[in-house]
Amino acid sequence: MEIVRSQSHRKISPNNVTNTLPLYRSAPPLEVRLEDFELYALDRLRVLKGISDGLSRGKRPEEMEKLVGKLWKENMRHQQASEIVNKDIISHFVLRLVYCRTEELRKWFLSMETSLFRYRFRLENAEAQRALMAEFDLSSRAVSNVEFESIKEKLGQVARSMGQSLPTADAIFYKVPFEEVPELVAGRKVFINQGFAYVAMTQAVSLVATLFRSLLSKALVLTNRKWTSTIREQEKDRLTPIVEALCSSYLGPDFSQMQIVEGLASLSQNYFMDDQGGKHFEPRGHGEISVKDIDQVAKSSFPLCMRNLLEKLREDHHLKHGGRMQLGLFLKGVGLNLDDALAFWRYEFSQKVGLERFEKEYAYSIRHNYGQEGKRTDYTAYSCQKIISSTPGVGDHHGCPYRHFSEENLRAALTRMGMNGRAMEDVMNKVRNRHYQLACTLTFEAIHGVPNDAGINHPTQYFSDSQKILQPELRDIIVALFGGGLGWCILSQTSNVWEGV
Amino acid sequence: MTKQEFHNGCDDMLIDRCEPEAPKQKQGGSVPNEFNSHYLKVYYGRLFPYADIFRWISYGNDGKHPACDSSYVSRREFSFTLDNDIYLRFLSFNSAAELENKIKEKCPFKIDIGPVYSVDPTKRHAYAQSGDNVFTPVERELIFDIDISDYDDARYCCSGADVCLNCWPLMTIAIKVIDFALRDDFGFKHILWVYSGRRGVHCWVCDGKARRLTNEQRAAIADYFRVYKGNENNSKKVSLTGHALHPFLATAYTKVLKDFFEKKLLISQSLLSTEERYEKILEMIPDAAITSELRGRWQENRRSSSVKEDINVVRWEQLKQLLQSGKHKAQGLRRCVEEIVFCFAYPRLDMEVSKHMNHLLKAPFCVHPKTGRVCVPIDPNQCEQFDPTTVPTLSQLLDELNERGLRDDVDGEWKGTSFGNAVSLFRSSFLQPLLKASKVKESTHVHLT
């Protein structure tokens, strides 16, 4: 891909456009204006960010399909029809550069681009889908008639287990190593025999998405190598600053890193983190809440998931690993310092397991969470997305109550929070439609009597939003800084910087 | 106590030793039935099968062929838990002798095996400086951990870490269900089942394909096996929807679960004998008419039913008859019998252990410090016969050693002892087929290059 400053740029001939949904196998021989380089990338980032939001709200596949269609139309359009495909390809390759640079960035990009591909694939017509499947050479993996007859019964069983009709004789199935369709395996949506999964034509999107993902994953590692070995240095006056600014600029307030007041500082530094993450930094001064305040602030400002964990901890003087992590990192996130955290957990656990066992078996992992042991990573609190996707088992109290509680238990828990009547029903409605974060947002609004337009994405954010309302003197400062699309504010700064280049 | 002293000490006690032919009946034997580091030293000194463990985790990379990856074994993490809970992570060994020396030196209470990393884990700090995270797990057996303490709502005989012969069949079921699916569905061949020493079983899937699975693929397999979804805030533990069971679940049900539930658990756990217990099962039937009919019958006939037939069996038949009879073919109810069986019998995996490459798992042949029992392999084809209460304990093994005198010939020492049986099972059912397969693979490798 050539990047030029001039206004002129070559149009690619229609012959090159074989498909509306490209696989981005190689960088196109295109000239790109420097302005477009950044603008296209920002437009695509808006799409990816929208997908990320949608996923974290637990949207269902049909809703995601609609959302992706809308995001794509809104952001990726171009006055010239011929330019639309170019914009798609260019923006993808620019973001590849931006997001190839660390494991965490790659992981995020890979997962969002794969989602984008998946839903765009679903939106394509049958002919285009077939063309894409041909590109992955799926037809060579089609199950022969003989084999189909021998496993017909099993395939029928799988179909019926999903409430679908039986496969007809001319149905096409693909036989692929089970490793290539992890999501179908996880959902028991395919028949698996001797290491091979039998994927129905209608499920091919999973297969195609996995193949796309593995292509992209390999490509990102290569891009990273190229970036560190040559591009970064070669382009240090031109592209490098854009690339480096792009990934950090857009994401807006990052609650996984937020300390109630220090969040202001962290915003200007633009950490990008994901849930698994953990970056090496100097531990900052925590200490916004102390042990003696916990119960009181929990009552006023903890989201249900954390109130529940705290309650169980007070009751049983014990929590299993998942619960300790979810609550422990949250408490750290809202400003409980290490000494206080140790005191807090020690007080509870020693009543159950004794002081000695606490110090021997549990204290280490608390210090570990605060980056004082092991690889000394400063771990961050779990996001809603991570909590919602967790799988609490026997004896576990962690997870998202809106998702993991039975209706009866959820109602009881909400009643204890002071919810009732209409508000309660609204929450239950969202839960039934699997909008767990919206349910939490509604709970927040009902309890605080104040709308929360941004929605709840992170337990720490729930806490800070609540504190903002409850502590008016802080509110003004924070609203000024956090309110109304701070991400955009930073974004326009970057653009200005860019114009200066 | 040194080794010499130990043997002297035991010579004094040889007097009231039981008959060697019946070691399983022995209650402690002449060596006091307790676990301590002195016994453990003798165990590590005379019995622990270093060479076998090492050959296993080398996967054929310990030979001289050109296809061998000579750094392979040394990139494997071991970790030791010592007597006073000191925890040594990221150990690695180049040879069986190195492993043996370190274990003898440290006398760990527990030895864990971790993943194979991209670089030697002892040198991980040297690579840390070079940036982009080169120290990362690259290979790891697919592992499963099943603890009986996770079944506390499905058993009445014991709770927590305790097990008895009434609840152990739950583990037998788990082995059978997981083992056949790993082989038939996923096509794995080299599967090692190990008693965890106290309250459950561990499974190591060692095929090359299994070792190279990504975390996402591991999670997919774990989810494929996951049926039980109960947590502490949701009483609906098992939910089977759809018009049919997935073939895997259907096979598990007909081949294993149904029989074990009806012939073993129902009776050994007395699942329907008292009001409190049958109410728990009635709760799972979403039809008030049926539950009240059953409740009525069961409250009435508490005393009147014939003595010959077990009350649990009688009530189960009544429940099945009512739920599966013609007039209740409603979709939700048809699955109900199966749901109850799955809820009380289906394996419950510790999901987190299986999902990530970097999870550590206790090595086979460790000795559990609480029970003194050796983590012996279990033959999945004979798992019904496995009895956790007769697994050799450390003190029993030392008894056997004493009986055989101070013979030093290493291989002969094992023969005929209960430990020898465990080691030969490890070799014949797992290690030899595994090494044979990795040899075949190597030779094809050589041809290709």
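Helices (H or I, at least four residues) and strands (E, at least two) are DSSP runs, numbered from the N terminus. This is a predicted model, in which local features need pLDDT of at least 70 and side-chain atom pairs count only at pLDDT 80 or more, while totals for chains, interfaces and linings use all residues. Residues are numbered from 1 along each chain as its sequence is written, chains are lettered from A in the order in which they are written, and side-chain values use heavy atoms, with hydrogens and water left out.

**Chain A as a whole**

The secondary structure of chain A consists of 23 helices and five strands. Of its 501 residues, 53% are buried, where buried means under 20% relative accessible area, exposed over 50%, and partly exposed in between (1.4 Å probe, protein chains only). Among the contacts in chain A with a separation of 6 or more, 69% are between residues 24 or more positions apart; contact here means heavy atoms within 4.5 Å.

Thr210(A) lies in helix H8 of chain A, which covers residues 204-234, and it counts as buried because its relative accessibility is 18%. The side chain of Thr210(A) reaches the backbone oxygen of Ser206(A) at 2.6 Å. Once its neighbours within four places in sequence are left aside, Thr210(A) is in contact with Glu180(A), Val181(A) and Pro182(A).

**A sheet in chain B**

In chain B, four strands form an open sheet in the order E5-E7-E6-E9, with antiparallel pairing; two strands pair if DSSP finds at least two bridges between them. The edge strands, each pairing on one side only, are strand E5 (142-147) and strand E9 (377-378) of chain B. Six bridges join E5(B) to strand E7 of chain B (residues 200-205), and these two run antiparallel. Ile146(B) has Val201(B) in E7(B) as its bridge partner.

**Where the chains meet**

Between chain A and chain B, 39 residues of chain A are in contact with 39 residues of chain B. The area buried between them is about 3200 Å², of which carbon and sulfur atoms give 51%; buried area is the accessible area (1.4 Å probe) that two parts lose on being put together, summed over both.

Three salt bridges are counted between chain A and chain B, a salt bridge being a side-chain nitrogen of Lys or Arg within 4 Å of a carboxyl oxygen of Asp or Glu. The side chains of Glu179(A) and Lys209(B) meet in a salt bridge at 4.0 Å, N to O. On the side of chain A that touches chain B, the elements that give two or more residues are helix H4 (103-123), helix H6 (145-161), helix H7 (182-186), strand E4 (191-193) and H8 of chain A. Of these, H6(A) gives the most, with five residues.

Technical notes:
Polar contact = N/O pair within 3.5 Å; in protein donor to acceptor, adjacent residues only side chain to side chain.
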